[in-house]
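Here is a short report on one protein model.

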Amino acid sequence: MASVHSKSTRPKQDRRIEKTDQAIQQAFRSIVAEKGMNNVTVSELSRRANVDRKTFYLHYASIANLAEEILTAKVQRVIMGVTLRAATGELNVANMVVEELNRVFMDDLAFYQGIVRFMPVEVFVERAWPSAYQAMRLIACNYAGDEKEFCVSLRFSLAGFVAAYKHFLLSDNVDFETFTPEVERIVNHVLLAFGVDPHMIAIDSIGATLGNK
């Protein structure tokens, strides 16, 4: 049976879907920056994006699903940024991770402040857990503890990292230049605690594996 959509109509439909998706995400970012994550409603978001509620639900299951899609895309951006920099010979893993994260936050600081103000640390930990777990499992091959100890230690470390960023982003003086070396030290301490030399990590293989998720 032939496809309902001809080849000539697919590109137009794809562009229309992409345009609608961009409008929804931009409206979401605007509302979060103005009012915070907890005050976003599908009705207001749809109105600002110039779509109806049905169209919104064709793209996303919920507001939480929309937020997750945006944050997941940003995680992938950080992974790609670190991987590309490592390919040029950079070895300071902590610096690369922190600088790529900072680039994401600086792109739309008000939006991320609106997200972190109302989203608990444990929610961020759950969102980041799959990628963080897989990455650490790839690089911490000499970790001496068992699986339970590994997971508890990693969750504790990840929660501390997220809490540090949350406190920083909501502070009166968001100074990335001052914050960067401080959080780099946190990352290095975590890596060393897992028996990893921060300057001896095969970032290219990690990025390739996580990038396929």
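Helices are DSSP runs (H or I, at least four residues) and strands are runs of E (at least two), numbered from the N terminus. This is a predicted model: local features need pLDDT of at least 70, side-chain atom pairs count only at pLDDT 80 or more, and totals for chains, interfaces and linings use all residues. Residues are numbered from 1 along each chain as its sequence is written, and side-chain values use heavy atoms, leaving out hydrogens and water.

The protein has 10 helices and zero strands. Of its 213 residues, 39% are buried (under 20% relative accessible area, 1.4 Å probe, protein chains only).

The largest nonpolar core holds 58 residues. Such a core is a set of buried Ala, Val, Leu, Ile, Met, Phe, Trp, Tyr and Cys residues joined through side-chain atoms within 4.5 Å. F28, L45, M136, Y165 and F194 have the most contacts inside this core. Among the elements that give two or more residues to it are α1 (10-35) and α9 (176-193). Helix α8 gives the most, with nine residues.

E184 lies in helix α9. E184 is buried yet has no salt bridge (a side-chain nitrogen of Lys or Arg within 4 Å of a carboxyl oxygen of Asp or Glu). R185, the nearest side chain of opposite charge, is 7.4 Å away; Lys and Arg count as positive, Asp and Glu as negative, with His and the chain ends not counted.

| Residue | In contact with |
|---|---|
| M136 | F150, L154, V190, L191 and F194 |
| E184 | N92, A94, N95 and V98 |

Notes:
Buried < 20%, exposed > 50% of the residue type's maximum accessible area, 1.4 Å probe, protein only. Contact = heavy atoms within 4.5 Å. Lists of a residue's contacts leave out its neighbours within four places in sequence.
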